[in-house]
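Subject: Structure handover

Hello,

Here is the structure I said I would pass on. Please look it over first; my notes on what was found follow below.

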Amino acid sequence: MKLPAPNALVGGTLIAILLAAAGTGALWTPYDPLKLSFREKLAAPSALHWLGTDEFGRDVLSRLMAGAATSVWISILTVTLAVVMGTAIGLVSGYLRGWADRVIMAFNDALLAFPGILLALGLLAVLGANKYGIIVALGIAYTPSVARVVRGTVLSLREREFIAASRVMGNGEGFTMLRHILPNCIAPLTVLATSMFGYVLLAESALSFLGLGVPPPAPTWGNMLAGSRPYIDQAAWLGIFPGLCISLTLLGINLLGDALRDKLDPRMRGAR
């Protein structure tokens, strides 16, 4: 029996832990993540509070679990929105070509000129700092990257023999795109969506750190990091544990993305 690659094993394990923590945190936490207890504020990690408490006496482990659920939910919805919109744009642009391709790609390249986080900041100024505003803002910010990847894949496919055969058989353009072109975009989209999940989670944490994410007292890893700054000398665990969660999650996503690329990309399989 062939063992999985080390990057797939480590990355899959880290992501499985993240998803388990997020799923559990959405349904149950050891303590109420919003309940205040000033008698227990800034308590060090102990048997009662495994990861300590924050400046308001809230259990850090419970808040990390609830924050994982929020971050994963935002990341999944954002990636889904970006992939759906970007795939539709890339399919139409790459398959139809002509003036439609030129207009769409000109607008797409204009959006790509802005860093994703800056574009999201501008959109949040209009949409407001809330959970759904973040999803829409980051979804729009990452759509151009998906559209560019899908368009490149479509351009390499549209002149292939099986596409010409579909036209000869009298199939319409829409049927050909959905039946023959779209399935061949799944492999690059899977790799892109996996890596994008990490980018979105990091961007959401950065926005929450700046106070533009999910508003307190709802916990996210970013706003927990931001709240730990005044107490870094006397309660270092407030910053260490959210930072570790973000770092290990990004490591797992990157390793899993590399493993998927090695598995789905024929050129990488040949190299190995």
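**Salt bridges**

R261 is partly exposed, with a relative accessible area of 34%. Its salt-bridge partner is D262, with 3.6 Å between the closest N and O atoms. D262 counts as buried, because its relative accessibility is 11% and the cut-off for buried is under 20%. Please keep in mind that this is a predicted model.

The search of the whole structure gave seven salt bridges. Another of them joins R58 and D54, at 2.8 Å from N to O. R58 is buried, at 8% relative accessible area, and D54 is buried as well, at 6%. D54 and R58 also belong to a network of salt bridges that includes R63.

A further salt bridge pairs D109 with R148, and the closest N and O atoms there are 2.3 Å apart. D109 sits in helix α3 (residues 98-112) and R148 in helix α5, so this pair ties together parts that are 39 residues apart in sequence. D109 is partly exposed at 35% relative accessibility, and R148 is partly exposed at 31%. As background, side chains of opposite charge can pair when their charged atoms come close.

How many of the eight residues of helix α9 are buried? The count is six, so the helix (residues 221-228) is largely enclosed by the rest of the structure. The buried residues are W221, G222, N223, M224, A226 and S228. They pack against α1 (6-27), α2 (60-96), α8 and α10 (237-264).

Helix α8 covers residues 186-209 and contains S195. S195 is buried, with a relative accessibility of 19%. A polar atom of the S195 side chain lies 2.9 Å from the backbone oxygen of L192.

**Surface patch**

V126, L127, V136 and I140 form a nonpolar patch on the surface, and together they have about 320 Å² of accessible area. The elements that each give two or more residues to this patch are α4 (116-127) and α5 (131-157). V136 is located in α5 and is partly exposed, at 33% relative accessible area.

Regards

Conventions: Residues are numbered from 1 along each chain as its sequence is written. This is a predicted model: local features need pLDDT of at least 70, side-chain atom pairs count only at pLDDT 80 or more; totals for chains, interfaces and linings use all residues. Side-chain values use heavy atoms; hydrogens and water are left out. Helices (H or I, at least four residues) and strands (E, at least two) are DSSP runs, numbered from the N terminus. Buried means under 20% relative accessible area, exposed over 50%, partly exposed in between (1.4 Å probe, protein chains only). A polar contact is a pair of N or O atoms within 3.5 Å; within protein, one must be able to donate a hydrogen and the other to accept it, and residues adjacent in sequence count only if both atoms are side-chain atoms. Contact means heavy atoms within 4.5 Å. Patches are made of residues with over 30% relative accessible area and no salt bridge: like charges are joined within 9 Å, nonpolar side chains (Val, Leu, Ile, Met, Phe, Trp, Tyr) within 5 Å. Accessible areas come from the Shrake-Rupley method with a 1.4 Å probe; for residues, only the protein chains shown count as cover. A salt bridge is a side-chain nitrogen of Lys or Arg within 4 Å of a carboxyl oxygen of Asp or Glu.
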